[in-house]
Amino acid sequence: MQNNSLSKILIILMILTGIAGIVLWSASYFIGIIFIAAALVLYYFYKRSAEGGESAGAWAKGFIKTLYIPVFGIIAAIILGGIIMIITGNDPVVAYKALFYGGFVRSWHISILNAVPLIFTGLSVAFAFQAGLFNIGAEGQFYIGSMMATWLGLRLGMPPVFSIFIIFIVSGLAAAAYNIVPAALKVKTGAHEVITTMMLAHVARHLSPIFIRGNGGDPASSTHAYVTDDILENNFLPIFKDFLPNANYRLHVGILIAIAVAVLVYYILYYTRIGFEVRAVGQNPNAARAQGISIGKNIMIALLFAGFLSGLAGVNQVVGLDHKMFQNLSAGYGWNGISVAILASNNPIGVIFTSILWGALDAGGQYMTRTTQIPNSIVEIIKGIILFLIVARYIYTYFGNRMKKRRIDRKIKEAV
Amino acid sequence: MEVLAQIFNTELLVATIRLSTPITLAAVGATICERSGVVNIAMEGMMIVGAFTGLIGAMFTGDPWLGLLFAVLAGGVFSLLHAFATVSLHLEHVVSGAVLNILAFGIVRYMMVMIFGHPGTTDPIRFSLKNYQWAIPGLSKIPVLGPIFFNQTPIIYFSFLLIIFFTFFLKKTKLGLHIKAAGEHPLALETIGVSVYKMRYTGVFISGMMAGLAGAYLSIENAVSFTEGMSSGRGFIAMAAMISGGWTPIGAFIASLFFGFADALQVRLQVALELSIPEELFIILPYVLTVVAVAGLVRKSRAPKADGVDFMIERPE
């Protein structure tokens, strides 16, 4: 009994310190890292008091082992990117210094701002992937979500908490509804969702100018052509500066919503019946069917929920950052959502970290270009290489086996 | 009536061929690739790589034919990454394809900034393959069919020849039959002593070269410069054409013609009905029709049995 109440206290303490750490860190108070570290230590003690056994060393070892391939992939990509820079006549040391200083220190708030929509789209792609579906058209759902959010944001005059809540839910549902077509076609005819969602993404992207012109972005009368009017001020997401004076004035609380949604998605996937069925369909449809799990229903659930999550990314950009809609509102967040989901092996919690890494690479790349004139598109290459090396896990075994074989062959030859 | 005459004429059909050619080439390539059992959603990325390399080649050698060669080789070499990832590393095909699309975008953008100093559009080349438009004597005088099929630019003629070649290749040559077997029943193929890995590598390589050719068409025949995003989803429309065409080169060609027609019609409608309707409603037409076509035809066509199925075997060597 004693043990039980202790573990309860520990988990509550851990959650509180964790939230404090995340809030502070994402508002560019670097003291937040200490809080997060403290939360991790508390988590360790909680685990030990709840389950007993496992020494700190073994736990740390297991933790490091899961990071083995990602870290190796990132280091290898950095080296390869450096080689490319040397070949093309840029100094990699200068470039990387600026990249990391910019991404993780100087422009940290931009990294966070970049990461927020990526977390949503990443979760969307990851959730669909768990059901064995590839939601490659997250970009389109992003646009639907942002259009709906702008439309509502221009009109809803309720107290902020209510209207923001309504905007999030309704716009998310609109984006989910946009995915009904691919989902229904997948279930009824078997049309591949890669093609249908991709085509609908192009459709949504091309429809957005019509919406923008209809909501204030008239190129004939407006000084800012192709930009809608600003949404009403009561629909703005709160910013960190309201309660933390040192935070950047653009940094909004969307990151906290994103992290909360990621935890929620994790919970749905691994602790509820729906999540279990979705994963069962993704891993082995035939076995799932034999268990009486409806494949069609779960495909619908997965694709619609994926659409909902992508829509939230668009909402977040409108109510949090830009407060209006324009044609290039999405700087490829839908496409990059695929990368962060793949990189996190479709783990919702992992998506948070990969999104922040991606956001930091983008922010650092811009800082690097500003200060050193090295084109920030090198970041795109580094991203591609990181992805390839981490995704292709088997590559290490492949070359390992080849080397081993060669060694054995040589030994045989020597013996003969 | 006047409006109709302005839209529906021989010009429309000529434009159909021109707009469908990149889709046709990519769709035929994708057909070979999927027949060998590898799903290739990296067609888009390979097209971009081919288009960019083709333009660079044409610009620095001054000869668009050499640019064409570069484009085909670049597409092929880039596709080998996909083959390596899916066949040798047993990676999920869709994931590898998505990653390669992202990588292609990054490489092209970086090279573009390094060479031209800015992303977006490259400088134009002075001499493109369009200058080699050739009216076949005699045949091009046939009314309607003449201007459509026999007064075109080089890559369009290549595409006609390649459709015939690959139909023959899949049906009659040993290599083609082996490739098909690798996509239908890989184990059986391995049993008779042919390497499934090699067949799949070949299939992917062919698709890469075809995508490179499609890219070259976009940048150095249909246009004189490379613009980021100029492939605008054609790699994916090509996959739709492949599925609607039932995984055969001829079928892929017919489906591509349909999508090309939608695109050509869309442009003409925009011009004919100007201002009354927003132009964007026309631009989306080909994309919507693609969804409709895939949904309507996917049931009637049968995918290769081992399409996208990983094959792993240990050989005593």
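Predicted model: local features only at pLDDT ≥ 70, side-chain atom pairs only at ≥ 80, totals over all residues.
The C-alpha atom of Lys411(A) is separated by 54 Å from that of Phe120(A), the two residues being 291 residues apart along the chain.

Elsewhere in chain A, helix H6, formed by residues 138-153, is mostly covered, with 16 of its 16 residues buried. From its first C-alpha to its last, this helix of 16 residues reaches 22 Å, which is close to the 22 Å expected at 1.5 Å a residue.

Chain A is divided into domain 1, comprising residues 1-59, and domain 2, comprising residues 91-373. The centres of these two domains, taken over C-alpha atoms, are separated by 29 Å. Contact between the domains involves 6 residues of domain 1 of chain A and 12 residues of domain 2 of chain A. On the side of domain 1 that touches domain 2, the residues divide into 4 nonpolar and 2 polar, with no charged residue among them.

Between the two chains, 37 residues of chain B are in contact with 37 residues of chain A. The elements of chain B that give two or more residues to the side touching chain A are helices H4 (64-88), H5 (93-116), H11 (234-244), H13 (280-283) and H14 (285-297). Of these, H5(B) gives the most, with 13 residues. The residues on this side of chain B divide into 29 nonpolar, 5 polar and 3 charged.

For chain B, an unreviewed UniProt entry lists residues 45-62, 68-91, 98-117, 148-170, 236-261 and 281-298 under "transmembrane region". Residues 148-170 of chain B, by contrast, are 83% helix and 9% strand, with end C-alpha atoms that lie 27 Å apart.

Notes: Residues numbered from 1 in each chain as written. Chains lettered and ligands numbered in written order. Contact = placed C-beta atoms within 7 Å. Helix = DSSP H or I, 4+ residues; strand = E, 2+ residues; numbered from the N terminus. Nonpolar A, V, L, I, M, F, W, Y, C, P; charged D, E, K, R; others polar. Domains from an automatic or database assignment. UniProt positions renumbered as here; feature names shortened; annotations may be inferred. Expected span 1.5 Å × (residues − 1). Buried ≥ 20, exposed ≤ 12 C-beta atoms within 10 Å, placed from the backbone.
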